[in-house]
Amino acid sequence: MSGGGARGLLHIGAMGAIEERDYEVLGWAGTSIGAIFAALAAAGYRADDLIDPERRTTIMSKINGLNPRVITITDLFGRFRWVAIKNLRRDIRNPAQAVLSYCGTLIVMMALIIWASSQSWVWGGLLALAFIGLILALTAMLLNGFGRLRWLKEILRRLLQERMFPDEPGRIVRMSDFGRHGRPTLKIVAANLTTKQLQLFSPELTPEVDIADAVMASIALPVVFRLPRILMRDTSDRQVGQLRRDMFADGGIVSNLPAWPFDEERAIDPHVPTLAFELVGNDNKSAPRHLTWPMAFLRTGLFGSGELNLRAANGLVHVPLDSQIGLLDFDIPVGRVFEIVTSARLASGHILDQVQTASTADPSRMAAKNLEIHEFIRSTLSTLRRLAPRGPGRIRVATAVRDPDLRLSMRLQFCIVDSAPENVLELVPREGFVLQHAVETGQPSFFTEPLPHRFDLRNVSTERRQALKAEARWYLVVPVPDPLDRSNPCFVLATGTRAVASGPDTQLLVEYFIDRIRKIYQSPAQN
Amino acid sequence: MGKRLSDEDYRQRILEVVARADLRLDRVLPELRKEAAENLALREARLASITDEKLRKSAEAWGK
């Protein structure tokens, strides 16, 4: 779950979409506002516990019970702190106006000091001192941050303890409490200003760290909040094991979309996908100008690297969530909050249903078409022994889809092997493989081993393609309408492990196969 | 060992086998298409019910 300030509301909708589909979540990771929801979800909170648009209830009533001074979400910043943050939001939205107004105030003050000095040096000096004091106070406020994290930290600590250890009041929930006893793991990203490096909090790396501390470290956007310090164990060469207070800032400046912390888990278990929910959106889409470039620079620095987090594409599903909410719109009316959460749940669900990996609870809907194709090929090859003298062998049918983020490969989905869905979400390279031929020509093709020489790309061979080639004796690729009515090119890839005879009869049978595959994949609109 | 079929007879045999497999397909296809039509209608209804314009657009744009 990515960072994105008040837009984090959308993560509650994403949580709801995951729950509706009964996904078994093995781990949560988050940055900034995403860290709050990742921690709550990992602790066992459900979307409806946080905001329930149907019952029109929110977690604010529970929070109010924990701290009666907190009535609205903006109270979490600390008493009277929201006013300063609201002014900051106004200045961020109109930076040119803000610069002009602050410069105007500066000029007026300077003029006042010069005028007062011309009347009396004492008054001029006092006014100058007051002005310098004001500037220093404002600078100190900026460096100290407007908001306070104390209330939020206490509330989060209580919420986690009540859900995970209800019989142990006062217990601090730590990183080591996750990823064990059937609980999902939890990973939180922050920027460590002491080590000047990205800090990943996880049960393996920082078992002793209080979750509330880690979350505060991740959300501490400079100027908006005072930067927190956390007791950390020194891992440098000189003082291994010594405790040290490190200063932290918002994780968004180092990695706003933390999908990569699960790279190792994906390598161990490549069939388990990672869902990356990214809060996109931009308060100000206008092109940067001479006076407004610093905000564009800051925004690019904070959120511009999201693309890099998606490079490890295999098994990663990117769910971008755009919204009209601004970064600091924590004061939107509660009715709008319900509306946004409902919309986010529907939008996330819509995207997740399009991915429909074979690892989801009900792969049957889309896999049904491939099962029919599988059965058709298997039954005909079983009967026509002259064409398939050693029987049909192991037949595999899958749909190859071009994901928008993939340039060199295609994703195999809805795999059927030996009449059963195969739990796999696999990327196959296009270049040097039969899929590339179908992409280029847009025509169905049938190949038997040994494949033509143009597929022998020694320098760009990949293990995955070699593995497929080692197993298959024939390949059938048929372009079909996208089963999900997307505009993506889509192909049915059928392979078999037993050789088939070559000749006109085989060509005739293949034509029947192609005809039937197209018939099965015809979109409902065409009937 | 049975008598080896001539090429013409074997082509006839392919047709018979394919026609038999087709019969099964004809039984299954209407159900598949009905389900696909229902899924499509569900998806469209769900998209239409997203009231936040930007969220609707990001959901519509996914995969395109």
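User: What makes up the secondary structure of chain A in this model?

Analyst: In this predicted model, chain A contains 16 helices and 16 strands.

User: How many residues does chain A have, and what share of them counts as buried?

Analyst: Chain A has 527 residues, and 52% of them count as buried. A residue is placed in that class when its relative accessible area is under 20%.

User: Why is A:Cys490 called buried?

Analyst: The relative accessibility of A:Cys490 is 2%. The cut-off for a buried residue is under 20%, so A:Cys490 counts as buried.

User: Why is A:Cys103 called partly exposed?

Analyst: A:Cys103 has a relative accessible area of 39%. Buried would require a value under 20% and exposed a value over 50%. The value of 39% lies in between, and therefore A:Cys103 is partly exposed.

User: What shows that chain B and chain A touch, and what area is buried between them?

Analyst: Contact requires heavy atoms within 4.5 Å; by this rule, 41 residues of chain B are in contact with 54 residues of chain A. About 4400 Å² is buried between the two chains, and carbon and sulfur atoms give 59% of that area. In chain B, the residues that lose the most area to chain A are B:Tyr10, B:Arg46 and B:Trp62, together 18% of what that side buries.

User: Why is an interface described by an area?

Analyst: The accessible area lost when the parts come together is often used to give the size of an interface.

User: What makes the pair A:Asp353 and B:Arg46 a salt bridge?

Analyst: The closest N and O atoms of A:Asp353 and B:Arg46 are 2.8 Å apart. The rule asks for a side-chain nitrogen of Lys or Arg within 4 Å of a carboxyl oxygen of Asp or Glu, and therefore the pair qualifies as a salt bridge. The count between chain B and chain A is 5 salt bridges.

User: Which helix of chain B gives the most to the side that touches chain A?

Analyst: Helix 1 (7–48) and helix 2 (53–61) of chain B each supply at least two residues of that side. Helix 1 gives the most, with 26 residues.

Note on methods. Residues numbered from 1 in each chain as written. Chains lettered and ligands numbered in written order. Predicted model: local features only at pLDDT ≥ 70, side-chain atom pairs only at ≥ 80, totals over all residues. Heavy atoms only, no water. Helix = DSSP H or I, 4+ residues; strand = E, 2+ residues; numbered from the N terminus. Buried < 20%, exposed > 50% of the residue type's maximum accessible area, 1.4 Å probe, protein only. Buried area = accessible area lost by both parts, 1.4 Å probe.
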